[in-house]
Number of protein chains: 2
Amino acid sequence: MTRTGSIPAVLERAKALVGPSLRRAVELLSPELRPLAAYHLGWCDADGRPSADDGGKGVRPALAILSAEAVGAHQAYGVPGGVAVELVHNFSLIHDDVIDEDAERRHRPTVWSLFGIGRAVIVGDAMQALAQQVILDPKLLGLVPELAGDDLSAASAARCIADATAEMIAGQALDMAFEAVPTVDVEGCLAMEAGKTGALLGCASSIGAVLAGAPEGSVAALKRFGVELGMAFQAVDDLLGIWGDPVATGKPASSDLRQHKKTLPVAAALAAGGALAEELAGLLCESRLEERQVSRAAGLVETLGGREAAGEEAERRLGSALAALEDADLTPSAHDELVEVARFVVDREH
Amino acid sequence: MTRTGSIPAVLERAKALVGPSLRRAVELLSPELRPLAAYHLGWCDADGRPSADDGGKGVRPALAILSAEAVGAHQAYGVPGGVAVELVHNFSLIHDDVIDEDAERRHRPTVWSLFGIGRAVIVGDAMQALAQQVILDPKLLGLVPELAGDDLSAASAARCIADATAEMIAGQALDMAFEAVPTVDVEGCLAMEAGKTGALLGCASSIGAVLAGAPEGSVAALKRFGVELGMAFQAVDDLLGIWGDPVATGKPASSDLRQHKKTLPVAAALAAGGALAEELAGLLCESRLEERQVSRAAGLVETLGGREAAGEEAERRLGSALAALEDADLTPSAHDELVEVARFVVDREH
């Protein structure tokens, strides 16, 4: 990961705070599954040797922590939420790699390609269950009981996790269905992305507030912020999935086009209509694209305005996310850090 | 399914009570996933046409209902628990079939073999999340609020589901690990089976009581009953996995031996030691067994006392299950029906 001045300090702070609890949670997995989760999270290599890499950017833990602070609660209230959201996010990545038959992620072999499909399926299942366990019983994480919510707020947070997980899965199912159809409209694409990415970021951005027992209005505003930010995040992801630098993303160039993903730039390009859109639709029906066809498809998406449309959508959603923050009376420092994280997510290059 | 006079009436009663709520829960899945769940549950064929079959025996819903009645609560308290446990059980079957590469279940193609691995993975994921959703928010099932537990008991029930799911998955992971090792001792095998089958039956047998807010002592006794019953259930399953009639079980004869499963009869046979046990261990190391080797292995397990040992274990566990019921002051009619279900589970032939 490139370390520039633009990385918000809260990402490191959240990692330092949530990281140990996430490791403690993974320790609760059975000895057969623990090494697979640790490998996927970047904590060790395929042989179990500790690794310097510490996984992803940590956006979700940061949002969970900030959502507690934003309603005036101690940051610790966000910890079980941050752990649960990271577990759900990573279980979905492990299963998505099985579903998409992706052999590499973050420049390393994916779990299924290293340990087999069966073990990738079961470790993902275990991580989904573990997310609920740590939310419903934060004692498992060894946290100070005074800085954990009561049973009622844990039940609300568990509902928040279960609902977001269900929406995320529904979005992924729609994404899979889109791969098999010739064309998808922008509206359908946005609905899919709201599920696939919006739901879990909405959960991450409000779960600390839920655990702290914050009033419904604040929770709703934070959730709206997260859902909109998720949409911006996904629009950027869609751009990187076609025009991202393979060295930075760790995926082949235009990998989304190779997999016939009907992402936002593609849906917007197809909506432009005309002969070029028909040519693009034709290419996306090919069972396997050759290199020159991949380049041609990417060029067509750009010419047809798909790249610009997705960029605009990212900016618009970022605007909506920031506007949502103004609907609640949030702690100023946490408010400012949420804004900083949001801008970072939209400006990232991988 | 053979319908004889010995099938407890409560199984039909529980199906009539839990069935409609289970269907309502499955309706909450996204349109892409609903048909796969309905197919797996036996409600429709591969093309979505309604089917006469109504899935499994319904032991788990019956236990959930009875566990509410056993503590003097209305049977309705058991419904969300019955739905959630059925969802967890069936998600695990769908994923187990992917993991074991089983092409048939209950005389029909498995979900992955019909719809592909990716869709089988994601529908299972969705069913796991759905189980938590219906427990945490029984309004989703359209149940009368007066006959549903409060938020606190819902949180306890959600913990019960999450813990049982995690234990079940850990047991399955151990089962997978056993396939790759030459020998397993009886103790290790029983630990695996306690996770794989005991945990979820323990949850099914107590969740109605949890939802009804019953005292801890009653919940613990019912849970112990279920865990022991699960162990008896699994011992019978292990016997059927080697000596079951393929027409009744819907699986090839000795299917467990073909898959190198180290089940209880095998572990007990290997523990006998001597030349025959070494021959059995050798056969179980073959990458692929020929028909005559499968017969020889089954014969060896029997000669070495594995069949008898598993039968005795089933009876012993049934005894412990029934004894656990006496530790709590349960409603007599529900108590008697729990005994009836327990005997049915151990006497079944498929």
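Predicted model: local features only at pLDDT ≥ 70, side-chain atom pairs only at ≥ 80, totals over all residues.

Residues are numbered from 1 along each chain as its sequence is written, chains are lettered from A and ligands numbered from 1 in the order in which they are written, and side-chain values use heavy atoms, with hydrogens and water left out.

- Glu313(A) pairs up with Arg316(A), at 2.5 Å from N to O.
- Glu313(A) also forms a salt bridge with Arg317(A), where the closest N and O atoms are 2.7 Å apart.
- Helices (H or I, at least four residues) are DSSP runs, numbered from the N terminus.
- Arg316(A) and Glu313(A) both sit in helix H16 (residues 306–325) of chain A, three residues apart, or about one turn of the helix.
- Arg317(A) is in helix H16 too, four residues from Glu313(A), again about one turn.
- Buried means under 20% relative accessible area, exposed over 50%, and partly exposed in between (1.4 Å probe, protein chains only).
- Glu313(A) is buried at 8%, Arg317(A) counts as buried at 18%, and Arg316(A) is partly exposed at 49%.

**A link across the sequence, and a network**

- Over in chain B, Lys261(B) and Asp100(B) meet in a salt bridge at 3.4 Å, N to O.
- Lys261(B) lies in the loop between helix H12 (255–258) and helix H13 (264–271), while Asp100(B) is in helix H4 (residues 79–100), so the pair ties together parts 161 residues apart in sequence.
- Both Lys261(B) and Asp100(B) are buried.
- In chain A, salt bridges that share partners join Asp100(A), Asp175(A), Glu179(A), Lys196(A) and Lys261(A) into one network.

- Two copies of a chain are related by a rotation about an axis and a shift along it.
- Chain A can be laid on chain B with an RMSD of 0.0 Å, using a turn of 180 degrees and a shift of 0.0 Å along the axis.
- That is the relation of a two-fold axis.
- The superposition is by least squares on the C-alpha atoms of residues with pLDDT of at least 70 in both copies.
- Among the residues of chain A, Ala155(A) comes closest to the rotation axis, at 2.6 Å (C-alpha).

Key:
Salt bridge = Lys/Arg side-chain N within 4 Å of Asp/Glu carboxyl O. Helix = DSSP H or I, 4+ residues; strand = E, 2+ residues; numbered from the N terminus.
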